[in-house]
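Hi everyone, thanks for coming. I'd like to walk you through one model today, so please have a look at the screen.

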Amino acid sequence: MIYLFNGSLEGLLTAVFEWFERKPGEITLILEENHQPDAFKKTLTIYNNREKADRVWNGLLIRLDKNWIRRLYCAYLSEIPAAFNHIFHFTCYLFQSKAGVEKNYGNPHVIAISKYAKSVEREKHRMEAFIRFEEAKDGTFYCGIDPDFNVLPLILKHFKDRYADQQWIIYDLNRNYGLYYNLEIVENIYINVSNKRNSSIPMDPKEKLYATLWKDYFKSTNIEARKNTKLHIQHVPKRYWRYLTEKQVELI
Amino acid sequence: MFDRIREKLTILADAAKYDVSCSSSGSNRKNDNKGLGNGHTSGICHTYTEDGRCVSLLKILLTNHCIFDCAYCVSRKSNDIERAAFTVDEVVQLTMNFYRRNYIEGLFLSSGIFKNADFTMERLLRVVKKLRIEEKYNGYIHLKTIPGASEELIREAGLYADRMSINLEMPTEAGLKLLAPEKSHIDVIKPLDFVNKQIIQYKDEKKLIKHTPKFVPAGQSTQMVIGATPETDKEIMYTADAFYKNFSLRRVYYSGYIPISNDTRMPILGTQPPLLRENRLYQTDWLMRFYGFNIREILNDENPHLDTDIDPKLSWALRNLHHFPIDINVAPYQMIMRIPGIGISSANKIVQARKFGRLRIDQLKKIGVAYNRAKHFIKCIDTPFQLNDYQAHQIKAFILAESASKYLKTATNQLLLF
């Protein structure tokens, strides 16, 4: 049997509730938009239900410790269809077994969730490392990103704690939303212009100066005799180079 | 003005780059005065140089003027290079503006010794004080302790820095005396010991009085240059082990010597830095600190050098085949960690997962075990039965045949005879 849901966390948790209410046996959880109708399988469309979702979520909070809740949330933020299915089965497995079963790394769903969570955490860490702010004329620090996974909710706290005395915007260009810190709180924002890469925003004159200094520093801290391009690319995969000030070619 | 700063930054970053320490971990300094920056427990590497080393801190010297003439150092007195010095304000502005743009995780400030130790230390202290107090900067600061500086200055610096370090430079006293006759290990040991005692004292006070200020929260580290003088791996690692134990160091760094002069006491210009040896030493360091190995098991009088073709964990296993095969479904965690091909996180997962049922090969592979390597040393429930026992050299040949060393393409210092 196939369960269809809309991709929201609420929908996913509702699906778990519905499964326990009906116990239909083997099912696959599929995103509604990816579904290809099938002549032989029955389908059930899951409609979000806050109450049911909350009950499942509270059940999870009782059974899992903080780290596992975060892993589950990270796996959800990966937005990979297969990950949703694993989360669904993991949750069912958890509610059907005795306590502590989330540590059973021999179970395919447990190991899958920890792998998805690891990828998302890695992407989150890379964003914390590779985001490069540019100072706009009005003193706001801006950066546009397009991460593989939806990591903005995960990096929010890090940037809020760290850059408490400057206004900043981090914008997810793919998912078309961003975070704006106004020295008090962080808000979600939506920018409605086509060119959101930094070039369209008037920059502070000091910006170029520090970018040049940083590039100089990057060059002079390198040791020629130890050149190791393979290792370099392993640590900074090429898809991240577009963020990095030090990797931009000087246009003269 | 701007060009002058560019020039200084180039000179002083270039002079500082031979210090390999770049970690920004271990500090949990909070940004609770609504200033700029905080510590990140695991540290963040913001970029990597083309040689593959991480750049996490703005690593610069305050000046490369130096009264010492150590043969292994680019900034030695007799070397004919451009000299420069930053003002306190320049360092502060650079750090703040780089940090605001998320270029760096903090500042690594070192210096050549000008005039005397106290004068230099006092300058370093002025930079960190200005950052912390005037600019409300809470990011990471790694500060060099200047050997010979007064205890008052060192103690005060410790209140502002996250990590402090002094380099041993050469693994043995004899090596150091050969290249830097004016220096001695005692100069390093004294301040390391002093800071360590202060850290312990502040920690004890913290238990009684909650608002005791932080004192060097990320601990101390040191660095040894490898390959400039003819020490064995055993001597190097025994020194490291002693320093880890005696001064509770967080890290010992091993820096392959990069030839910078025509001095006849050291490898000649153009010699490849000993990258593979450096790698093996770090592997040993990890085995010692995280895998519960005693350094005497890995390096001893019979084996004063680490194998170059295989890693130290594998070579320990091959020398001690009587411990193997280990049944991963019953063996204690400490033994599982010693199996080549199984790391700490796989070992953790195995120990947790086997409570729910005995593990099979396919599950081990999913967990992340390097099975092709581990299979010679383990037993699980579907391990195929095997009549003959392989000898160590046979297992080694099997493993080498199916793995390609990443170092094979780069020239090693060791020439092949046949």
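Let me begin with a question: in which loop of chain B does Lys34(B) lie? Lys34(B) sits in the loop between α1 (2-16) and β1 (47-48) of chain B. Please keep in mind that this is a predicted model. I start with Lys34(B) for its backbone: its phi is near 50 degrees, a positive value in a residue other than glycine. As background, most residues other than glycine have a negative phi, and most peptide bonds are trans. Lys34(B) counts as exposed, because it has 10 C-beta neighbours inside 10 Å, and the cut-off for exposed is 12 or fewer.

Lys23(A) is not a glycine either, and has a positive phi of about 50 degrees. You will find Lys23(A) in the loop between α1 (9-22) and β2 (28-31) of chain A. Lys23(A) has 7 C-beta neighbours inside 10 Å, so this lysine counts as exposed.

From Phe324(B) to Pro325(B) the peptide bond is cis, and omega is near -5 degrees. Pro325(B) belongs to the loop between α10 and β9 (326-327) of chain B.

Now for chain A as a whole. Chain A has eight helices and eight strands, and its C-alpha trace spans about 65 × 45 × 40 Å along the principal axes. Of its 252 residues, 33% count as buried. If you take the contacts in chain A between residues at least 6 apart in sequence, 71% join residues at least 24 apart.

What is the order of its five strands? Reading across, the order is β4-β5-β6-β7-β8 of chain A, in an open sheet with mixed pairing. At the edges are β4 (134-135) and β8 of chain A, each pairing on one side only.

Strand β6 (residues 168-172) of chain A runs antiparallel to strand β7 (residues 177-181) of chain A, and five bridges join the two. Tyr171(A) has Gly178(A) as its bridge partner in β7(A), and Asp172(A) has Tyr177(A). The two strands form a hairpin with four residues between them, and in the turn Asn176(A) has a positive phi of about 55 degrees.

On we go to the next hairpin. β7(A) pairs with strand β8 (residues 186-189) of chain A through four bridges, in the antiparallel sense.

Over to the helices of chain B. Is the length of helix α8 (residues 275-290) of chain B in agreement or disagreement with what 1.5 Å a residue predicts? Its 16 residues should span 22 Å, and the end C-alpha atoms are 22 Å apart, so the two agree. Buried residues in α8(B) include Leu276(B), Arg280(B), Leu281(B), Asp285(B) and Met288(B). Among the elements that cover the buried residues of α8(B) are β7 (220-226), α7 (233-247) and α10 (312-319) of chain B. Just after α8(B), Gly292(B) takes a positive phi of about 70 degrees.

As for α10(B), six of its eight residues are buried, so the helix is largely enclosed by the rest of the structure. Those buried residues are Pro312(B), Lys313(B), Leu314(B), Trp316(B), Ala317(B) and Leu318(B). They pack against α8, α9 and α15 (392-402) of chain B.

Finally, how do the two chains meet? In chain B, 44 residues are in contact with 40 residues of chain A. On the chain B side, the elements that give two or more residues include α1, α2 (88-100) and α12 (344-353) of chain B. The largest share, seven residues, comes from α1(B). That side of chain B divides into 19 nonpolar, 14 polar and eleven charged residues.

That's my tour, and I'm happy to take questions.

Definitions and conventions: Residues are numbered from 1 along each chain as its sequence is written. Chains are lettered from A and ligands numbered from 1 in the order in which they are written. This is a predicted model: local features need pLDDT of at least 70, side-chain atom pairs count only at pLDDT 80 or more; totals for chains, interfaces and linings use all residues. The expected span of a helix is 1.5 Å times one less than its number of residues. A residue is buried if 20 or more other C-beta atoms lie within 10 Å of its own, exposed if 12 or fewer, and partly exposed in between; C-beta atoms are placed from the backbone. Two residues are in contact if their C-beta atoms, placed from the backbone, lie within 7 Å. Two strands pair if DSSP finds at least two bridges between them. Ala, Val, Leu, Ile, Met, Phe, Trp, Tyr, Cys and Pro count as nonpolar, Asp, Glu, Lys and Arg as charged, and the others, Gly among them, as polar.
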